[in-house]
Each structure stands twice: as structure tokens, then as C-alpha cells.
Amino acid sequence: MLITGGSGFLGSALTDLARTQGWNVVATYHSRRPPTQGVHWEALDLRDGAATTALIERYAPDIVIHTAYRQEGPDMAAITVDGARAVAQGAYAVRARLIHLSSDVVFDGERIGRYSEADTPQPVTAYGAAKAAAERLVAAAHPAALIVRTSLIYGGPERPGRHEQFVLDVIDGRAEAIFFTDELRCPIEVGDLAAALLELATLNRSGILHVAGPDIVSRYEFACMVARAFGRDPARVRGGPSPAALRRPRNCALDSRIAQSVLTTRIRGVREVLG
Ligand SMILES: NC(=O)c1ccc[n+]([C@@H]2O[C@H](COP(=O)([O-])OP(=O)(O)OC[C@H]3O[C@@H](n4cnc5c(N)ncnc54)[C@H](OP(=O)(O)O)[C@@H]3O)[C@@H](O)[C@H]2O)c1
């Protein structure tokens with residue numbers, strides 16, 4: 001199994017779990033090589049398309065899970081869009097299965113209710129547009145790829161992710177923010193997502209699949225849950241509506257019923273995990 005972004009939040013959970021499940025894992029990093037033993041680490045820069053496909057062709061893995069990306073900055077398109085296409089081309093060339101990680105922000109967030117796999121992406125941010133473009137290029141380069149859209153990834157008190165760290169930074173006075181009461185997401189615990197992806201690695205599915213938590217919560221509710229779970233006072237979390245001028249996708253709730261029906265892995269709601 002080749003995991004791109006093995007040094008990232010999801011990638012490291014995935015790499016650890018894959019190793020304990022007995023997979024022979026090659027994982028990539030870009031700027032920081034993790035110390036984890038029992039994994040074959042490779043440096044990768046997705047901006048170099050030829051090197052990206054060459055790395056995959058050299059290992060000829062059975063499966064590639066592509067998590068690496070960049071959410072902002074001048075290189076976002078080269079990494080998140082063109083890099084994803086190079087990964088898909090490499091995986092296709094060696095007939096590897098491919099699971100490509102995508103995001104709920106491919107949607108505009110104006111819907112009442114949940115988005116299903118049949119809904120058409122309509123991104124309103126540069127990052128959302130990059131992830132939507134990556135989906136199209138991946139599907140064209142590797143028609144059997146599985147494109148997994150997920151939502152806000154968190155880890156709980158034992159392995160807090162950047163969303164939780166940001167809440168703590170605000171509560172502890174290191175940053176300032178208002179948490180939006182109208183921005184809805186379906187948070188998923190990183191270990192649950194890693195387990196679901198490894199189960200999907202063994203299933204013969206292609207196309208788009210939504211894999212997110214069952215609970216819909218606002219950024220504000222999420223921040224209050226994080227506060228309680230990390231022993232802080234939720235009264236210190238300030239909430240309010242998102243200003244229209246920000247053009248952020250508000251309701252990105254995903255309908256994950258298909259994933260629930262094909263997976264034996266149970267994906268827990270954030271109220272259960274942090275509650
Ligand atoms: N986090 C969320 O809440 C969320 C929500 C929805 C979807 N997703 C999707 O889930 C996936 C994983 O997200 P994450 O939060 O776990 O990511 P992350 O922690 O930010 O990790 C990003 C990874 O990409 C690597 N990377 C950055 N630039 C690179 C480059 N030029 N070449 C090769 N690798 C590069 C990083 O390597 P170094 O650290 O070594 O530089 C790191 O391993 C992404 O595809 C994202 O779109 C995430």
C-alpha cells in the first residue's frame with residue numbers, strides 16, 4: 001500500500017493502522033519525515049508530476065491512498081490538482097487501486113439537508129474549486145478510482161487535530177475567532193476514517209463515496225464540544241453567523257448512507273466521541 005501524505009494528520013493515522021493490520025506500507029512525506037518505524041518512507045513533491053508517477057511505478061503497489069494536498073498558497077493548484085492527476089496516472093499505469101481523498105467543500109453549502117453522491121459540486125472557495133477539479137482529473141485518469149469525500153477530521157484529546165488545536169488556541173487566548181453557528185459539518189474521528197479507508201481498500205468500489213460522521217454540528221457546537229472534552233469552559237467559545245461577504249460554504253452536511261451500508265467499520269458521531 002502506498003499512502004501519500006503519510007506525515008499528515010489523516011495520513012499518519014492511516015499509516016499506523018495499516019501497519020498494525022499487516023499491510024506492507026510505503027508512505028510519503030514532503031517537509032517532515034516522521035520517526036515511525038516499520039514503514040518505508042519516501043520524500044515526495046507533488047509539484048513534480050514525473051517524479052510522482054515514477055515513484056508509484058517503481059513500487060507498483062496494489063493500492064494507493066492519496067491524502068497529500070495543500071489547502072492554500074501559490075502552489076495549491078500544482079499540488080492539490082495537478083499532483084492528484086499525477087498520482088492517478090501513476091496508479092493507473094501499474095493497475096493499482098486508488099482511493100483519492102476529497103472534501104465536502106466541493107459543494108456551495110446553500111442546500112437545506114444533506115448532499116448525496118449524486119449532487120453536483122459547485123464550489124465557492126478556491127480550495128473547494130481545487131478539490132472539485134482534482135476529482136474530475138482523477139476520475140478521467142483512473143476511471144476505477146474511488147473518490148472519498150469527507151468532512152472536518154478531528155482526533156479527540158489523545159491526538160488533537162488542527163481544528164481542535166485552533167479551538168484551544170482561541171480559548172486559551174493565543175488566537176481570536178468567532179465560531180460560526182450556521183456553518184454545518186459532519187465531523188469524523190481520524191481513527192474511524194482511517195479504518196473505513198482501509199476497509200474500502202479491500203472492497204471493489206469506484207466512483208464517489210461520502211464518508212463522514214453521522215452527526216451534523218455547527219462550527220460553534222463543535223468548538224463547545226472540543227472545549228468540554230479538553231477540560232475548558234465552553235462559555236469561553238464565542239459564536240455567531242458567518243458574514244455573507246466571506247462566501248464560505250455553510251451547510252456541507254454529507255449523506256453517508258451508502259458508506260454505512262457497505263462498511264462494517266462503525267463511524268461514530270462527534271457527540272458520542274467528544275460528548
Ligand atoms: N482536515 C480536514 O478536516 C479535512 C476535511 C475534508 C477533507 N480533507 C482531506 O483529507 C486529506 C488529508 O487531510 P489532512 O488534514 O490529514 O492533511 P494534512 O495534515 O494537512 O497533511 C497534508 C499532507 O500533504 C503533504 N504535502 C504538502 N505539500 C506537499 C507536496 N508539495 N508534495 C507532497 N506532499 C505534500 C504534507 O507533507 P509534510 O507535512 O511532510 O510537508 C502532509 O503529509 C486531504 O486530501 C484533504 O483535502 C481533510
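## The shell around the ligand

Four elements, namely α1 (9–20), β5 (97–103), α4 (126–141) and α5 (162–171), each contribute at least two residues to the shell around the ligand. The structure under discussion is a predicted model. Within the shell, the strand β5 gives the most, with three residues.

In total, 28 residues surround the ligand. The closest are Ser7, Leu10, Ser31, Tyr127 and His163.

## Contacts and burial of the ligand

Ser7 places a polar side-chain atom 2.7 Å from an oxygen atom of the ligand. An oxygen atom of the ligand also lies 2.9 Å from a backbone N or O atom of Ile153. For Arg162, a polar side-chain atom is found 3.1 Å from a nitrogen atom of the ligand. The ligand taken alone exposes 920 Å², and the protein buries 92% of that area.

The site of the ligand can also be described in terms of pockets: the ligand sits in the largest pocket.

## The residue Asp192

Asp192 belongs to helix α6, which spans residues 190–201. Is Asp192 buried or exposed? The relative accessible area of Asp192 is 8%. Buried means under 20%, and therefore Asp192 counts as buried.

A further comparison concerns sequence and space. Asp192 and Ser242 are separated by 50 residues in sequence, and their C-alpha atoms are 29 Å apart in space.

Notes. Residues are numbered from 1 along each chain as its sequence is written. This is a predicted model: local features need pLDDT of at least 70, side-chain atom pairs count only at pLDDT 80 or more; totals for chains, interfaces and linings use all residues. Side-chain values use heavy atoms; hydrogens and water are left out. A residue is near a molecule or strand if one of its heavy atoms lies within 4 Å of it. A polar contact is a pair of N or O atoms within 3.5 Å; within protein, one must be able to donate a hydrogen and the other to accept it, and residues adjacent in sequence count only if both atoms are side-chain atoms. Accessible areas come from the Shrake-Rupley method with a 1.4 Å probe; for residues, only the protein chains shown count as cover. On a 1 Å grid over the protein atoms alone, a cavity is a set of points where a 1.4 Å probe fits but cannot get out, and a pocket is an open set with protein on both sides within 12 Å along at least five of seven lines; lining residues have an atom within 4 Å of a point. A molecule sits in a cavity or pocket if more than half of its atoms lie within 2 Å of its grid points. Buried means under 20% relative accessible area, exposed over 50%, partly exposed in between (1.4 Å probe, protein chains only).
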